[in-house]
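Student: Please take one part of this model and go through it closely, residue by residue where that helps. I would like the strand pairing and its surroundings, in one connected account.

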Amino acid sequence: MQPHRSRYWLNAKADARKEERISDVCALYAGAPQQTDEISFSVDEATGIQALERIAADLPLAPGKPLAREFEYKRHGTQTLIAAMRVATGEIYAHCGDTRTERDYCRFIEDLIGRHPGFGVYHLVMDQLNTHKSEALVRLTARLCGMDIDLGEKGKRGILKSLASREAFLSQGGKTVVFHYTPRHASWLNQIEVWFGILMKKVIRRGHFNSTEDLRNKLMAFVDYFNATMAAPFRWTYRGTPLVV
């Protein structure tokens with residue numbers, strides 16, 4: 001017994017559609033390289049990225065000594081990076097700004113689709129954050145799909161009534177823009193999360209940023225560098241839990 005120790009655990013609510021969602025997303029990843037009239041993206045946000053400036057420069061490596069970093073720092077605020085990875089190529093498209101509202105997200109989605117014209121269907125993989133099932137996103141999707149229909153009223157009726165009804169519309173096939181949602185507490189299934197890990201190691205973890213503008217410029221510069229030198233599709237082998245017969 002070690003009563004001085006503790007750890008976190010997650011009392012997660014079961015997702016009744018977990019296996020269905022996993023199969024859907026994995027099938028999309030597997031088919032992305034062969035798509036010609038369709039295009040697939042993995043989308044998410046990295047929020048609260050801190051612009052931290054160390055008050056002294058790092059001390060360089062020496063035999064038997066690791067790089068030494070100053071403990072104290074200045075805070076210059078935060079930025080949010082909204083990013084999408086094209087599944088078939090590994091290319092990254094990103095926007096960095098001060099906020100992460102449903103309007104910010106919708107602008108990003110509209111710009112992402114606008115940068116890739118000519119496809120019959122746009123598939124977008126994302127987690128189940130409320131922003132990803134917002135009224136604004138439903139209205140944008142209906143407009144992009146040329147659907148002149150009654151969407152209802154948020155909280156009262158129709159497609160806009162609830163998160164569930166909005167998700168049902170957004171994930172419905174047969175439209176120009178189709179959303180695919182990962183199961184709850186399974187954001188690891190979203191490939192852009194892997195790239196966020198690369199970004200953390202390469203830019204953020206050891207970065208020195210003297211302003212939010214400096215942070216924003218370095219994040220976007222890494223996106224350009226990654227696309228020019230490192231972008232490649234991930235080799236996705238996960239297919240879900242095998243069924244026991």
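Tutor: Contact here means heavy atoms within 4.5 Å. Leaving aside neighbours within four places in sequence, Glu-70 is in contact with Arg-54, Ile-55, Ala-56 and Asp-58. This is a predicted model, in which local features need pLDDT of at least 70 and side-chain atom pairs count only at pLDDT 80 or more, while totals for chains, interfaces and linings use all residues. Residues are numbered from 1 along each chain as its sequence is written, and side-chain values use heavy atoms, with hydrogens and water left out.

Glu-70 sits in the loop between strand 1 and strand 2. Helices (H or I, at least four residues) and strands (E, at least two) are DSSP runs, numbered from the N terminus. Is Glu-70 buried or partly exposed? Glu-70 is partly exposed, because its relative accessible area is 23%. The cut-offs are under 20% for buried and over 50% for exposed, with partly exposed in between (1.4 Å probe, protein chains only). Gln-34 is 36 residues from Glu-70 along the chain, and their C-alpha atoms are separated by 49 Å.

Now the strands on either side of that loop. Strand 1 and strand 2 pair in the antiparallel sense over 11 bridges. Two strands count as paired if DSSP finds at least two bridges between them. Arg-54, one of the contacts of Glu-70, stands opposite Tyr-73 in strand 2.

Strand 2 (residues 73-86) also pairs with strand 3, again antiparallel, over 6 bridges. Follow the partners. Met-85 is bridged to Ile-92 in strand 3. Ile-82 has His-95 as its bridge partner. Leu-81 has Cys-96. The hairpin of these two strands has 5 residues between the strands, and there Gly-90 takes a positive phi near 80°.

Cys-96 deserves a stop. It lies in strand 3. Its relative accessibility is 8%, so Cys-96 counts as buried. Not counting residues up to four places away in sequence, Cys-96 touches Gln-79, Thr-80, Leu-81, Arg-216, Leu-219 and Met-220. Cys-96 and Glu-70 are 26 residues apart in sequence, with 27 Å between their C-alpha atoms.

The buried residues of helix 3 (residues 135-144) are Leu-137, Val-138, Leu-140, Thr-141 and Ala-142. They pack against helix 2 (102-114), helix 4 (163-170) and strand 5 (177-181). Just after helix 3, Gly-146 has a positive phi of about 65°.

One more backbone angle stands beyond strand 5. His-185 is in the loop between strand 5 and helix 5 (191-204). Its phi is near 60°, a positive value in a residue other than glycine. Most residues other than glycine have a negative phi. His-185 is exposed, because its relative accessible area is 54%.

The protein has 6 helices and 5 strands. Along the sequence they follow the pattern α-β-β-β-α-β-α-α-β-α-α. Of the 245 residues, 39% count as buried. Among contacts with a separation of 6 or more, 70% come from residues 24 or more positions apart. The C-alpha atoms fill a box of roughly 65 × 50 × 40 Å, taken along the principal axes.
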